[in-house]
Amino acid sequence: MIRVRFIATDGTSSEVEAAVGARLLDVAQADGQPLEGICDGDLACATCHVLIDPADLDRLPPPSEDEEDLLDLAPAAARNSRLACQIRLTAGLDRLTVRIPPQ
């Protein structure tokens, strides 16, 4: 198990335990975070857009070209934007901090 910290748009935070191999989107939704994930990870939307803490970005594999293309369409996209459906949690991501962007 690893820990993931979510920071909501109002600044409140929650820390959850997640299984190695879990999809970040599923972990976020189980924690009640407002991520839709309409395409269920098929890279057809950006409704699971999150902001990764800049200190944690280097611990993630780089986004695919398709993910980058969708992030270009996401509201409030930034350099640290990712799609939660594309992130599989590994032991190296323990204590990952994820901010929910303004909707």
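Student: Why is Ala76 called partly exposed?

Tutor: This is a predicted model, and in it Ala76 has a relative accessibility of 42%. Buried needs a value under 20%, and exposed a value over 50%. The value for Ala76 falls in between, so Ala76 counts as partly exposed.

Student: Where is Ala76 found, and what is its phi?

Tutor: Ala76 is found in the loop between H2 and S4. Its phi is near 65°, a positive value in a residue other than glycine. Most residues other than glycine have a negative phi.

Student: What is the phi of Arg95, and where does Arg95 lie?

Tutor: Phi of Arg95 is near 70°, again a positive value in a residue other than glycine. Arg95 lies in the loop between S4 and S5.

Student: What makes the contact of Asp94 and Arg3 a salt bridge?

Tutor: The N to O distance is 3.0 Å. The cut-off is within 4 Å, so the pair qualifies. By this rule the count comes to five salt bridges.

Student: Which parts does the pair of Asp94 and Arg3 tie together?

Tutor: Asp94 lies in the loop between S4 and S5, and Arg3 in strand S1 (residues 2-7). The pair therefore ties together parts that are 91 residues apart in sequence.

Student: What makes Arg82 and Glu67 buried?

Tutor: Arg82 has a relative accessible area of 5%. Glu67 is at 1%. Buried means under 20%, so Arg82 is buried, and so is Glu67.

Student: Why does Asp40 with Arg23 count as a salt bridge?

Tutor: The N to O distance is 3.3 Å. The limit is 4 Å, so the pair counts. Asp40 lies in the loop between helix H1 (24-30) and S3, and Arg23 in the loop between S2 and H1, so the pair ties together parts that are 17 residues apart in sequence. Arg23 is buried, with a relative accessible area of 10%. Arg23, Asp26 and Asp40 are linked in a network of salt bridges.

Student: Why are S2 and S4 said to stand at the edges?

Tutor: The open sheet has five strands in the order S2-S1-S5-S3-S4, with mixed pairing. Strand S2 (13-18) and strand S4 (81-83) each have a single partner strand, so one side of each is left without a neighbour in the sheet. Neighbouring strands are turned by 35° against each other on average, direction ignored.

Student: How do you know that S3 pairs with S5 and with S4?

Tutor: Pairing needs at least two bridges. Two bridges join S3 (residues 49-52) to S5 (residues 96-99), so these strands pair. Three join S3 to S4, so they pair as well. S3 runs antiparallel to S5 and to S4.

Student: What makes both faces of S3 covered?

Tutor: His49 and Leu51 on one side are buried, as are Val50 and Ile52 on the other. In a regular strand the side chains alternate between the two faces of the sheet.

Key
Residues numbered from 1 in each chain as written. Predicted model: local features only at pLDDT ≥ 70, side-chain atom pairs only at ≥ 80, totals over all residues. Heavy atoms only, no water. Helix = DSSP H or I, 4+ residues; strand = E, 2+ residues; numbered from the N terminus. Axes fitted to C-alpha atoms, helices over the stretch in contact; angles between N-to-C directions. Salt bridge = Lys/Arg side-chain N within 4 Å of Asp/Glu carboxyl O. Buried < 20%, exposed > 50% of the residue type's maximum accessible area, 1.4 Å probe, protein only.
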